[in-house]
Amino acid sequence: MKIRSKAPLRLGLAGGGTDVSPFSDTYGGYVLNATIDMYAYCILEPLQNGKIEFIAKDRNEIFTINEVNIIALNGTLDLHKGVYNRIIKDFNNGKSLSCRLITFSDAPAGSGLGSSSTMVVAIIKAFVEWLNLPLGEYDIAHLAYEIEREDIGLSGGKQDQYAATFGGFNFMEFYKEKVIVNPLRIKRWIKNELQASMVLYYTGQSRDSANIIDEQIKNTNKKKSISLDAMFKLKEKALEMKESILKGDISWFAQILRDSWLEKKKMAKVISNNNLDEIYEYAMQNGAISGKISGAGGGGFFMFIVNPEDKLQLIEAFEKKEGKVFDPNFVEEGTMAWTIK
C-alpha cells in the first residue's frame, strides 16, 4: 500500500507580511493569495522492517533511523521529522510508526511560493489518509503552522499553510486567536484574463525567508514607523485588491500590485536588492506593467502583470536572462491524498 498526497503552491498577491506575529496579533492581518498548478508532493509507504526513511528527491537528502517515537531535529529534513514527531505524539499514543516518506516539489526551497509550508501540509495530509485522522481544513493548516513555527522554530507567517490546505483564491484574516479564510467566488473570465496577463519569473536567487522575516519582526517590535506604516498600507492594498479581482479590473489590480511592492520594500532592507531592482526595471522595459516578489522577498519568484498582447515579448526577453519563466494556471482544490492498494 502507498499513500500519495499533494498540496498546491501559492502566489502571494497582496498583504503578505501582515500575517506575521507580532503584527497580526496586535493589529490583525489581511492577505490575498491564490494557488497555482505547482505542487509539493509526498508518497507515504508503511513498512514492516522497523525502519523510518525520509527521502527528499529534489534536495538529494536521505535520512534513515530505526523505529523511534521522537526524532531529534538537526537541520536535515526537519520538516519531515517535525511532522512525524507530532503525528506520533498527538495521534498515535506516542507509539512509533515504521514508514518511508518520499517528497519532492515543483519549486525550489526559498522560492517565495510557500514551498516549505506547502510540503508540511502535503506530509500531514498523507498521514491523515493513512491513519484516517479526523482533521478538517482548519485543523490541518493550524497543525502545519504549529509544527513549522513552534516545534521546528522557523520564522514566518500563517498564510502559506492555509493557502496550501484550502486552495483557490482566498482573502484571509489573521488575528491572535483565530484565522478566517474567506474563499472568493471569481468569475471564470476574470481568472482567464488574469492568467493571460501574468508572467512568473524565477530569479534563480533563492533566499532564507526566516532572516527576512526576523528583521521584519524586529522592526515591528521596535515600532519602527516606516515599517509599521508600510504594513498598514499593505492591509489596505489587500482589501483593494480583493475588490479589483472580484470586479475583474486588471488595470487596477496591476496598480495595486506595483504599490504593494513599493510598500513591501519599506518593511525590511533585505526584501529587495540591486539584482531584484534590475530585474524589475528590465521587465518594465520589455512590456510589463507592474510586478512584485511573491513571498517574503530577497529572491525567489517575481510575478509580473503585462498586457496579454505583450506577454510573448516579455517571455522572450526573460529567456535571454539566467532565470526561468513560468506560465502558471490557477487551481481551486487544496491539498488532497489517495491510497494505492
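A disulfide is taken here as a pair of cysteine sulfur atoms within 2.5 Å. The model is predicted, with local features requiring pLDDT of at least 70 and side-chain atom pairs counted only at pLDDT 80 or more, whereas totals for chains, interfaces and linings use all residues. Residues are numbered from 1 along each chain as its sequence is written, and side-chain values use heavy atoms, without hydrogens and water.

**Close-up 1. Cysteines C42 and C99.** The disulfide count is zero under this rule. The closest cysteine sulfur to that of C42 lies in C99, 9.0 Å away, which is too far for a bond. C42 is buried (under 20% relative accessible area, with exposed over 50% and partly exposed in between; 1.4 Å probe, protein chains only), at 1% relative accessibility. C99 is likewise buried, at 0%.

Close-up 2. Helices (H or I, at least four residues) and strands (E, at least two) are DSSP runs numbered from the N terminus. Eight of the eight residues of α5 (residues 159-166) are buried, so this helix is largely enclosed by the rest of the structure. Among the elements covering α5 are β1 (2-14), β2 (29-46), α3 (115-131) and α4 (137-151). G167 follows α5 and has a positive phi, near 75°.

**Close-up 3. Packing of helices α8 and α9.** The axes of α8 (residues 225-247) and α9 (residues 250-264) come within 9 Å and cross at roughly 165°; axes are lines fitted to C-alpha atoms over the stretch in contact (heavy atoms within 4.5 Å), and angles run from 0 to 180 degrees between N-to-C directions. The pair is therefore roughly antiparallel (over 145 degrees; under 35 is roughly parallel, 65 to 115 roughly perpendicular and the rest oblique).
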